[in-house]
Amino acid sequence: MKNCAVVGINWGDEGKGRMVDLLTEDYDIVVRYQGGGNAGHTVINEKGKFALHLLPSGILRDGVINVLGNGVALDPENLWTEMEQVTSRGVAVTPENLKISDRASLLLPWHRRLDELEEMRLADKKYGSTKQGIAPFYSDKAQKKTLLAGELFYPEEFREHLLELMEWKNLTLTRIYGEKPYTETMLDEWMDAYCEKIKPFICDTGMYLREASEQGKKILFEAQLGSLRDLDYGICPYTTSSNAIAAYAPIGSGFPGARLDRVLGIVKAYSTCVGEGPFVSEMFGEAAERLREAGAEYGAKTGRPRRVGALDLVATAYGIEVQAATEIAVTKLDVLSNMEKIPVCTAYLVNGKKTSRFPFPAALKDAEPVMEYLDGWMCDISGIRKWEQLPKEAQNYVTYLEKSVGCPVTYISVGPERDCIILKDKEK
Ligand code: GDP
């Protein structure tokens, strides 16, 4: 199996980083193809605990080459800060193991500021942005008001282009938001402090990937967020501003002809959602509090408490469909170990009509969950490494999930560390 995409099936935070870290044993290259520093992929292995934001999770495995593709929001400041953080902890980040696409657009200093300003303007109608500048970045990219990383190799033109963009953006900042304008000095400082530092890592990663593939190298595509946050297929407007689905992986990587042999969809054993938007199976009160604590459900990037809820089979089946997932990894099954009865949302009631199909976003506000309660196992499963040794209630929970969504479960994660994994019916 040559190429694999690891994607989130729900709202994100399913444990993609943890699964990428595990799978890198069998892959040569890891590519991030969309999103930016708003990701928070937590990885725990023999090197320690890391919350990776823009760096691909393969950076923690010696010998793996990591690529930031043309589809990412390349924030030089965040990236350089993150590179310094991981190198200070003994992880090598060099032009040999990190390659940045020359066609990636740069997230510019005003993008974060504009993101904050717009969320403030929206007030109680805010989208729940992480305020990392992602929406303004992708909007500008679509308007072609963008600077490509490769332009850094043409310093005079780069600066001229940057100043043109600054003049244009200052109009929005000063006239719409009443803010102070950016100045040439501010941008010169930004270029020196960050852009110059990442320059040695920039190259034609598309060509690199295409050649590597011809040589038989195995490529892992690492997504950020999940199906329900995808720009086209998610719950608009509570989506991110890029395509998080597997179909975008070849395009955002610079390898548009890449074939995905596997699409591993990551499904958390229950649901979580950071920020705003409809969340049909949401739980409240004490039960929610207990689940949040048991799963340590606080954002890796923002520290915000995540909203928690029951496993939502309607949303999950939809997520699997739009990802065209070929297999599933269920993560955090251990977190459910203290629940006598485990709630599962099996259908929605939309205006009194029962449906198992995920509705149009506007209909979600009227959707009510139809619940079932499966038996819990009430014992610690974090030390179990074999399917046969899982309590029968835990096996039932997993088989119920896979039957309901029509996709095989191949991995079950029972803890955050690399080795806390159970392989189920796995053909290697
Ligand atoms: P990602 O953005 O999809 O990579 O997910 P996050 O890193 O935001 O959230 C997943 C969190 O769950 C991280 O803190 C992981 O260390 C943790 N985690 C992943 N798998 C498991 C698991 O099977 N059990 C437990 N208890 N924690 C896990």
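**Exercise 1. Of the 17 residues around the ligand, which come nearest?**

Solution. K16, G17, T42, D334 and S413 come nearest. A residue is near a molecule if one of its heavy atoms lies within 4 Å of it. The model is predicted, so local features need pLDDT of at least 70 and side-chain atom pairs count only at pLDDT 80 or more, while totals for chains, interfaces and linings use all residues. Residues are numbered from 1 along each chain as its sequence is written, and side-chain values use heavy atoms, with hydrogens and water left out.

**Exercise 2. Which polar side-chain atom lies 3.1 Å from an oxygen atom of the ligand, and how much of the ligand does the protein cover?**

Solution. Step 1: a polar contact is a pair of N or O atoms within 3.5 Å; within protein, one must be able to donate a hydrogen and the other to accept it, and residues adjacent in sequence count only if both atoms are side-chain atoms.
Step 2: the polar side-chain atom at 3.1 Å from a ligand oxygen belongs to R306. For K332, a backbone N or O atom lies 2.9 Å from an oxygen atom of the ligand. For S413, a side-chain N or O atom is 2.5 Å from a ligand oxygen.
Step 3: of the 580 Å² of accessible area that the ligand has on its own, the protein covers 91% (Shrake-Rupley method, 1.4 Å probe; for residues, only the protein chains shown count as cover).

**Exercise 3. Which elements give two or more residues to the shell around the ligand?**

Solution. These are α1 (16-23) and β3 (41-45). Helices (H or I, at least four residues) and strands (E, at least two) are DSSP runs, numbered from the N terminus. The largest share, 3 residues, comes from α1.

**Exercise 4. At what angle do the axes of helix α3 and helix α4 cross?**

Solution. Step 1: the axes of α3 (residues 109-122) and α4 (residues 134-142) cross at roughly 120° and come within 7 Å. Axes are lines fitted to C-alpha atoms, for helices over the stretch in contact, and angles run from 0 to 180 degrees between N-to-C directions.
Step 2: α3 is therefore oblique to α4 (under 35 degrees is roughly parallel, over 145 roughly antiparallel, 65 to 115 roughly perpendicular, the rest oblique).
Step 3: W110, H111, L114 and D115 of α3 make the contact with I134, A135, P136, F137 and D140 of α4, where contact means heavy atoms within 4.5 Å.

**Exercise 5. Which residues does a cis peptide bond join?**

Solution. The bond joins C236 and P237, with omega about 5°. P237 is in the loop between β10 (219-226) and α8 (249-253).
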